[in-house]
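Open the model in your viewer and keep the selection panel at hand. The stops below say what to select next and what is there.

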Amino acid sequence: MNVFGLDIGGSGIKGAPVDIETGRLLSERVRVGTPQPATPEAIVESVLEVLSHFDWEGPVGCGFPAVIKDGVIQTAANVDGSNIGFDLRKTLQKRLENPVSVINDADAAGLAEMRWGAGRGVRGVVLMLTIGTGIGSALFVDGVLVPNTELGHIEIDGHDAETRASDGARKRQDLSWKKWARRLETYLNRVEDLLWPDLIIVGGGVSKKSEKFLPHISTRTEVVPAKMHNQAGIAGAALAALPEASPQLID
Ligand code: BGC
């Protein structure tokens, strides 16, 4: 079965049809820049622009960087505040005339890693962290997703963790990989003290450069880079469009 996967992010909106059996993108993804300000109406127009490159009829799964309840956006850490309360699922469904599901972006990426990537077949408590503009989290217990965890926002030394330990912070403050790794280590140590996971998967843009920072990080939990890199968000959003997505992750 094929589903169109969409990954809405702070800087880009990406999409491609996905083969749900393998997690592979069936054609090259199309990316448009996220409109600024990223109001819900502008985001919807950009999503339509991405889809206009494809002749798509069928289900669409969409990842969005916020807490999502029943298709409605609940928070807005890295998008315009006017998104709060917006029913993204209903609006997209109407405009696309196709069934649409909407899920938190990190939850989407986590589903993909659990099904096809670094978390495949891993039981127990697995925490996927997407480290990009912000920090997203996806928590799994025996392969079942606990949706909408927002562990990027735990407070460390009086700061919202993602403002110091995200890749966005590294770039903004022009930190060396080693210096940034120390911040990430503090963050990971706090998270492992709170959750005692069996495995931590580090995803997001930095997962491609894990050799630059993972050697500087010491944790009691095994930490591995994500395998699906920037495909995880699209493939996982597509996977989430299937109602049975989560409980069937463990083979
Ligand atoms: C948001 C999360 C999102 C993460 C990654 C955070 O700022 O609160 O919902 O998953 O960024 O995009």
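Start with the largest pocket, which holds about 970 Å³ of space. A pocket here is an open set of points on a 1 Å grid over the protein atoms alone, where a 1.4 Å probe fits and protein lies on both sides within 12 Å along at least five of seven lines. Grid points are joined across faces, edges and corners, and the volume is the space filled by probe spheres set on the points. The model is predicted: local features need pLDDT of at least 70 and side-chain atom pairs count only at pLDDT 80 or more, while totals for chains, interfaces and linings use all residues. Residues are numbered from 1 along each chain as its sequence is written, and side-chain values use heavy atoms, with hydrogens and water left out.

Select Lys14, Gly132, Thr133, Gly204 and Gly205: of the 47 lining residues, these lie nearest the centre of the pocket. A lining residue has an atom within 4 Å of a point. Colour the lining by type and you get 13 nonpolar, 22 polar and 12 charged residues. Ala, Val, Leu, Ile, Met, Phe, Trp, Tyr, Cys and Pro count as nonpolar, Asp, Glu, Lys and Arg as charged, and the others, Gly among them, as polar.

Which helix gives the most to this lining? Helix 5 does, with 4 residues. Helices (H or I, at least four residues) and strands (E, at least two) are DSSP runs, numbered from the N terminus.

Next, colour domain 1 (2–107 + 231–245) and domain 2 (121–226). These bounds come from an automatic or database domain assignment. Each of the two domains gives at least three residues to the pocket lining. Their centres, taken over C-alpha atoms, are 23 Å apart. The contact (heavy atoms within 4.5 Å) takes 10 residues from domain 1 and 13 residues from domain 2.

Now show the open sheet of 5 strands, in the order 3-2-1-4-7 with mixed pairing. Two strands pair if DSSP finds at least two bridges between them. At the edges are strand 3 (30–33) and strand 7 (100–104), each pairing on one side only.

Zoom in on strand 4 (residues 60–64), which pairs with strand 7 in the parallel sense over 5 bridges. Select valine 60: its bridge partner in strand 7 is valine 100.

Last, select helix 3 (residues 105–116), which lies across strand 1, strand 2 (12–19), strand 4 and strand 7, at about 95 degrees to strand 7. Axes are lines fitted to C-alpha atoms, for helices over the stretch in contact, and angles run from 0 to 180 degrees between N-to-C directions.
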